[in-house]
Amino acid sequence: MLDLGNTASGAQVVMASSNDARFPPSNMLDGKLDTFWTTTGLYPQTFIIALSETADVKNVTVHSYNSLEPT
């Protein structure tokens, strides 16, 4: 399966509703599971990704987690 949703394929994050400069939206597309985009809490948390070519998208994978330690 061709992966057009990463920077190596030319994809770009063209808009993100919020972000932290230490963890930019471009991290979503770098292909690494140890980097991430973090938001600053604004809702809704949205982003727009531009692919390098027209594509019929059949699958989207999102890895999400809460990194807060329980108190």
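Q: Is Gly31 buried or exposed?
A: A word on the basis first: this is a predicted model, where local features need pLDDT of at least 70, side-chain atom pairs count only at pLDDT 80 or more, and totals for chains, interfaces and linings use all residues. Residues are numbered from 1 along each chain as its sequence is written, and side-chain values use heavy atoms, leaving out hydrogens and water. Buried stands for under 20% relative accessible area, exposed for over 50%, and partly exposed for what lies in between (1.4 Å probe, protein chains only). Gly31 has 69% relative accessibility, so this residue counts as exposed.

Q: How many helices and how many strands does the protein have?
A: Both kinds of element are DSSP runs numbered from the N terminus: helices are H or I with at least four residues, strands are E with at least two. The strands include E1 (12-16) and E2 (47-50), with a loop between them. The count for the protein is zero helices and two strands.

Q: What does the C-alpha trace of the protein span along its principal axes?
A: The protein has 71 residues, and buried residues make up 13% of them. Along the principal axes, its C-alpha trace spans about 45 × 20 × 20 Å.

Q: What share of the contacts with a separation of 6 or more comes from residues 24 or more positions apart?
A: A contact here has heavy atoms within 4.5 Å. Among contacts in the protein with a separation of 6 or more, the share from residues 24 or more positions apart is 42%.

Q: Why does Asn27 count as buried?
A: Asn27 sits in the loop between strands E1 and E2. Its contacts, neighbours within four places in sequence aside, are Thr35, Phe36 and Trp37. Asn27 counts as buried because its relative accessibility is 16%.

Q: Why is the pair of Phe23 and Phe36 stacked?
A: The whole structure holds two aromatic pairs. Rings of Phe, Tyr and Trp (its six-membered ring) pair if their centres lie within 6.5 Å; planes under 30 degrees apart count as stacked, over 60 as edge-to-face and the rest as tilted. The centres of the Phe23 and Phe36 rings are 4.5 Å apart, and the pair is stacked because the planes stand at 20°.

Q: What is the angle between the planes of Trp37 and Phe47?
A: At 29% relative accessibility, Phe36 counts as partly exposed. Trp37 and Phe47 form an edge-to-face pair, with 5.6 Å from centre to centre and planes at 85°. Trp37 is in the loop between E1 and E2 and Phe47 is in strand E2, so this pair ties together parts ten residues apart in sequence. The angle between the planes is 85°.

Q: Which residue forms a salt bridge with Arg22?
A: A salt bridge has a side-chain nitrogen of Lys or Arg within 4 Å of a carboxyl oxygen of Asp or Glu, and the structure holds two. In one of them, Lys58 joins Asp56, with the closest N and O atoms 3.0 Å apart; both Lys58 and Asp56 are exposed. With 2.7 Å from N to O, the side chain of Arg22 meets that of Asp20.
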